[in-house]
Amino acid sequence: MGVAVMGADPLSERAAMMRESLQKSQTITDNVVSILGSFDHRLSALETAMRPTQIRTHSIRKAHENIDKTLKAAEVLLAQFDLARQAEAKILRGPHEDLESYLEAIDQLRSNIHFFSSSKGFKSTDVVINHANGLLTKAISKLEDEFKQQLTSYSKPVEPERLFDCLPNSLRPSGSPGKHGDPGGNHHSHHSEQQNADLETAVYTPPTLIPPRVLPLLHDLAVQMVQAGQRQQLVKIYRDTRSSVLEESLCKLGVEKLSKEDVQKMQWEVFEAKIGNWIHFMRIAVKLLFAGERKVCDQLFDGFDSLSDQCFSEVTAGSVLMLLSCGEAIARSKRSPEKLFVLLDMYEIMRELHSEIETIFKGKACDNIRESASSLTKRLAQTAQETFGDFEEAVEKDATKTAVFDGTVHPLTSYVINYVKFLFDYQSTLRQLFQEFENGGESSSQLASVTMQIMQALQTNLDGKSKQYKDPALTHLFLMNNIHYMVRSVRRSEAKDLLGDDWVQRHRRIVQQHANQYKRNAWGKILQCLTIQGLTSSGGSSVGGDGGNSSGVSRALVKDRFKIFNMQFEELHQKQSQWTVPDTELRESLRLAVAEVLLPAYRSFVKRFGPLVENGKNPQKYIRYSAEDLDRMLSEFFEGKTLNEPKR
């Protein structure tokens, strides 16, 4: 029992101790809570007490920040004023001393204006801006003067010798440029398709019109003027300066202003020389002067394509008009056959220059110039085609009074054949011409057709001229000579490929037909004297093979036959030795053809009837010529020896 009591006491003590500890902890906790509550109250009071101080500190900090910003803004503003003063000083000094600094000053002035325009809070902003704008206006005015002065200083006319040095060697004149001949003589002996091809691939070196070192400077000046809104003033200065220099270069070269009336009054030699020069001038103007001017414009107005086109158009307009109006005057002048070749020359140069004109005169601003060049090309083509038609008609209706008493080749024939041969120097040009104006068909066949029409027109005219001759033999000799000349000329030229072998063979047969007709008309009557018909009383007796006289043969008739033969042959010799067959081969062929008919007949007649005369009195009076004598005299035929009296 006692043990149990003793065991419970420690537990109770421990429980009591724990209760006491818990009570102390609670007391401490309460005390801490009370203390913390007291701190919270004090902190709240402290915050309340410090709030005015915090507000004053923030205000002071913001004030410092505002002062810093204001000082910085003032520094920027003062810097702008300082830059403006520096720019003003440079501008007032002008661009001559240091153009680069002058341009920098203008840029700075524009920057100042932009700055102050964006800073409207300053009371003096408007005054500053107005002052800067006034200064900028003066600066641009001085800039215009400088641009004009610089451009004028380096713009000089180009001397002809310098231009000639820029040409390919084949086009550099040894004397006067572009001298031509005429269709009846040596016209265009220099002209060929190959030469045209060579010219199209030749290298041209446009002259330097303004020194390259000056162009960047002029470019900078131009940019400033454009930015200042002075574009039109810039165009005016450039046009007035460069256009007069360009026109003066052409005048020094020899370009003239010609009217239609001026052209009409010119003699042919002068007219042809003028056209030769015009062709030369067109090539120089486009390939050298205009090409050089375009290069200057593109470099000077780099970055301003429309401005470059406008300036180039206005600078070159007067010069182009001067050249094209001359071409128009020639194209509109009275047509004549000899003008065809110079018209084709002009048409060729316009075709040659077409692609370069399209390239050089690019852009909308040059539309009128390109259209004017195209219009002249079409006008030349039209006039050339009309002249072509006129020529065919003129050939057929030619009524020249030039008499060819000896039956030789008529001047019209040689003129027309030369004309046709010269046409073949322009084959590609003529094909182009037909393509522009004809619908359908190959241009080559059209050229062949036109050539045949001209040849036929010539034959028609020659047929008419042949009727002037009273002697039918001379009529056929004349036609033989002229058609043979046509055939021979065609065979030796490019016309053969175009007209074809059929044309050549057909006309060779015509030549032979006229030769046969000549023999029949010229020698038929005299050959009739050498026949046996009419030598007997019965009109049909024959003579023995030994040449002796047969019964019934009239000696008197034989003598009369010899007398008639001698008289007719002498008359033929006298007359036909004055006639002409200019072609050696044809002449010998014709003599041989006559001899082959005449000499055998004469030998036979002499052999048969000669003894009747030889046994009589004065036989040499009747048998005056041997066959060899006749052969020798035949060799004198068709030499055109004398023309003292007309033999028609």
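The report takes up the charged patches and then the cysteines.

This is a predicted model, in which local features need pLDDT of at least 70 and side-chain atom pairs count only at pLDDT 80 or more, while totals for chains, interfaces and linings use all residues. Residues are numbered from 1 along each chain as its sequence is written, and side-chain values use heavy atoms, with hydrogens and water left out.

On the surface, K421, R491, R492, K496 and R508 form a patch of positive charge, and E494, D497, D501 and D502 form a patch of negative charge. Such patches consist of residues with over 30% relative accessible area and no salt bridge, like charges being joined within 9 Å and nonpolar side chains (Val, Leu, Ile, Met, Phe, Trp, Tyr) within 5 Å. A salt bridge is here a side-chain nitrogen of Lys or Arg within 4 Å of a carboxyl oxygen of Asp or Glu.

R491 belongs to helix α16 (residues 472-491), and D502 to helix α17 (residues 495-528); helices are DSSP runs (H or I) of at least four residues. R491 is partly exposed because its relative accessibility is 45%, whereas D502 is exposed, with 63%; buried means under 20%, exposed over 50%, and partly exposed in between, with a 1.4 Å probe and protein chains only.

How many disulfides does the structure hold? There are 0 disulfides, a disulfide being a pair of cysteine sulfur atoms within 2.5 Å.

Terms used: Accessible areas come from the Shrake-Rupley method with a 1.4 Å probe; for residues, only the protein chains shown count as cover. Lys and Arg count as positive and Asp and Glu as negative; His and the chain ends are not counted. The place of a charge is taken as NZ of Lys, CZ of Arg, CG of Asp or CD of Glu. Helices (H or I, at least four residues) and strands (E, at least two) are DSSP runs, numbered from the N terminus.
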